[in-house]
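Student: I have a structure open and would like to talk it through with someone. Could you take me through it step by step?

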Amino acid sequence: MNFFFGIKSPHLNSKVTIPRFQNSSNPSKNHLLFELQIISDKWNISNIDNKESSGDFFIVNENIIEKDNFFLLATTDEVQKLINNGDKLIDLNNFTNTIPSYRANLQVLNSRGGFSSYQSEYPFSMTTKKGNILSPISSLLNKNADINIIFFKNIFQLPIQEKFSIFFINIKTKKILKKERVITNCLNEIIVDSTLIEPDIFLFTDKYIGVPIFCSIKNNYISLEHTHPPHEYIISENKFKVVSQLKQEFNEIINQTNC
Amino acid sequence: MKLLIKRIANSRSFILFRNYIGFRPIIFNPSYKKLKNVSVSDAFPWRTDSGYVTIFRYADLLQLFSKIEESFVELVFFTKDNRFIKKIEITQLSFSNEIIINNEFLNGIQEYGYFNIFHRTNSDAINKLVIANRCYIGFSIDGSPPSFVHGNSHVNFKSFDGEFSGSGIVLSSFFKNLYRIQNTFLEFDKSELFFVNPTPSKLIFFINNKKYILNRGCSILIDVSGKANLSIRSKCLFLRPTIFNYKNQFFDVYHS
């Protein structure tokens, strides 16, 4: 199961287009679009008015998108499990577990007509894990842009909003150049100074994982794309060992600084 | 017993049978994951047509994962008709790197095609590593800021020492498969799909019943402007195009 999310930002508007069909079949009439949000320390799930649907797609417009909400496709029977127990997210169905991968579309746009998109899925399997995200900074940002933003979306299975940190670390000097406090179950927005957009600088999180989405805007043109976690660059069976060793180096840097 | 079942499930003949009947087909040939010290590459699209410049960004994975500093990358460029253009080796690598692909870089060619990146080293300090650099390709028109997209599929591989190479990672089935692009193109002035044949043989595919043929290593740009729904049928089990959408003076590139 995948969740979907939008971007709420003073710099951009966004809309999410979620197909009602799997990529090898006809639209499902049974799967509706639901919104999830934490209310009073519980997961609250509510049906989104189906008038928002357009043909074979659900359209989630900016008036529905918040930093702390996200969406899923499910039948009314399936969501009942979550309504009955809002203490933890559960894997409700496999409708969006397809090969090739199920694709929604998160489009950001500005008032001058600039636009860019990205696929927007957040796999359920990521919501059950804690850990670290490691990503290069300069691969998707641009030093000469008007503004560079990293949107960091975390969805964690428990309905908590807990603080954790995102570090900007120079891998060669082993120095922390910047630390941002962010929260779980939220879309966090980080403005990136151009001095941090260098080949040796990496983003690294403590405690929680998430999806880093890199946005660069210049002259109203927008580029929006996500990076992959390091283990997706390794195909051999030793991938988790190799990545674990690399992350250990970054953990040592942040632990030394915290001492 | 579990090991035996796993071995049978991953055997070439069993995969061929599953793909033949279309039962839970295997998209990527699992045997390439068992190779030793190999760099796998996507078929990354490049464009220098219609005012396009392509910006390619990639990480030095061997330095990042294995602390190998004496590594280099090999980039090989082909036209849309699979004509070889050039091969370059870049030896001065940072953790993150960039090259600009314009018509001067490609010997004056204003066209489109694909390229591969292979990480290379003669170091023997690496132990059974298979890497695939997903990289990021930015597209700029007439000097506009680039729109970036990451790589889309594993296509070719080469050993770190350059001794062997291969393709055939994306598998095919006996019957045609349907892949519905999960987006609509109604709101854009113009939309294009960029396909590279990821298979080692001739590829026949249909978009909404219109037939296209791509020979090995060939790529094609297809105008799909204004379409509400697009269905791709082919025997290839993983044929996902890169999408270019245009509206007024702005444009966006992403993978389907």
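Here is a friendly question-and-answer tour of strands, cysteines, aromatic rings and the chain contact.

Student: Before we start, what kind of model is this?

Tutor: Good place to begin. Local features are considered here with a pLDDT of at least 70, and side-chain atom pairs at pLDDT 80 or more. The model is predicted.

Student: Let's look at S3 of chain A, residues 32-39. Why is strand S3 of chain A described as largely enclosed by the rest of the structure?

Tutor: Check the burial of its residues, where buried means under 20% relative accessible area. The strand has eight residues, and it is largely enclosed because the number of them that are buried is six.

Student: Which strands of chain A are joined to S3(A) by bridges?

Tutor: Take the two partners in turn. Strand S7 (residues 70-74) runs antiparallel to S3(A) and is joined to it by five bridges, with A:Phe34 opposite A:Leu72. Strand S4 (residues 42-47) is also antiparallel to S3(A), through six bridges, and there A:Ile38 has A:Trp43 as its bridge partner. The strands you asked for are S7 and S4.

Student: Which residue takes a positive phi in the hairpin of S3(A) and S4(A)?

Tutor: Look at the turn, where two residues lie between the strands. One takes a phi near 50°, and that residue is A:Ser40.

Student: How many disulfides does a search of the whole structure find?

Tutor: A disulfide needs two cysteine sulfur atoms within 2.5 Å. A:Cys186 is in none, with the nearest cysteine sulfur, that of A:Cys215, 17 Å away. B:Cys218 has its closest cysteine sulfur in B:Cys236 at 14 Å, which is too far for a bond. Over all chains, the search finds zero.

Student: Is A:Cys186 buried or exposed?

Tutor: The cut-off for buried is under 20% relative accessible area. A:Cys186 has 9%, so it counts as buried.

Student: Now the aromatic pairs. How are the rings of A:Phe4 and A:Tyr102 arranged: stacked, edge-to-face or tilted?

Tutor: Of the 34 aromatic pairs over all chains, this one has its ring centres 5.9 Å apart and 45° between the planes. Planes under 30 degrees apart would be stacked and over 60 edge-to-face, so this pair is tilted.

Student: How many residues apart are A:Phe4 and A:Tyr102?

Tutor: A:Phe4 belongs to strand S1 (residues 2-4), while A:Tyr102 is in the loop between helix H1 (76-84) and strand S8 (105-109) of chain A. A:Phe4 is buried at 0% relative accessible area, and A:Tyr102 is buried at 1%. The pair links distant parts of the chain, and the separation is 98 residues.

Student: Which residue lies over the face of B:Phe244?

Tutor: B:Phe244 is in a cluster linked by ring pairs, whose members include B:Tyr52, B:Tyr112 and B:Phe251. At 4.6 Å from the ring centre of B:Phe244, the residue over its face is B:Arg47.

Student: How much area do chain A and chain B bury between them?

Tutor: The contact takes 58 residues from chain A and 55 residues from chain B. In chain A, the residues that lose the most area to chain B are A:Tyr221, A:Tyr233 and A:Ile235, together 18% of what that side buries. Carbon and sulfur atoms hold 58% of the total, which is about 4,600 Å².

Student: Which are the edge strands of the open four-stranded sheet in chain B?

Tutor: The sheet has mixed pairing, in the order S8-S1-S11-S12. An edge strand here pairs on one side only, and the two are S8 (130-132) and S12 (165-166).

Note on methods:
Residues are numbered from 1 along each chain as its sequence is written. Chains are lettered from A and ligands numbered from 1 in the order in which they are written. Side-chain values use heavy atoms; hydrogens and water are left out. Buried means under 20% relative accessible area, exposed over 50%, partly exposed in between (1.4 Å probe, protein chains only). Two strands pair if DSSP finds at least two bridges between them. Rings of Phe, Tyr and Trp (its six-membered ring) pair if their centres lie within 6.5 Å; planes under 30 degrees apart count as stacked, over 60 as edge-to-face and the rest as tilted. A charge sits over a ring if NZ of Lys or CZ of Arg is within 6 Å of the ring centre and within 35 degrees of the ring normal. Contact means heavy atoms within 4.5 Å. Buried area is the accessible area (1.4 Å probe) that two parts lose on being put together, summed over both.
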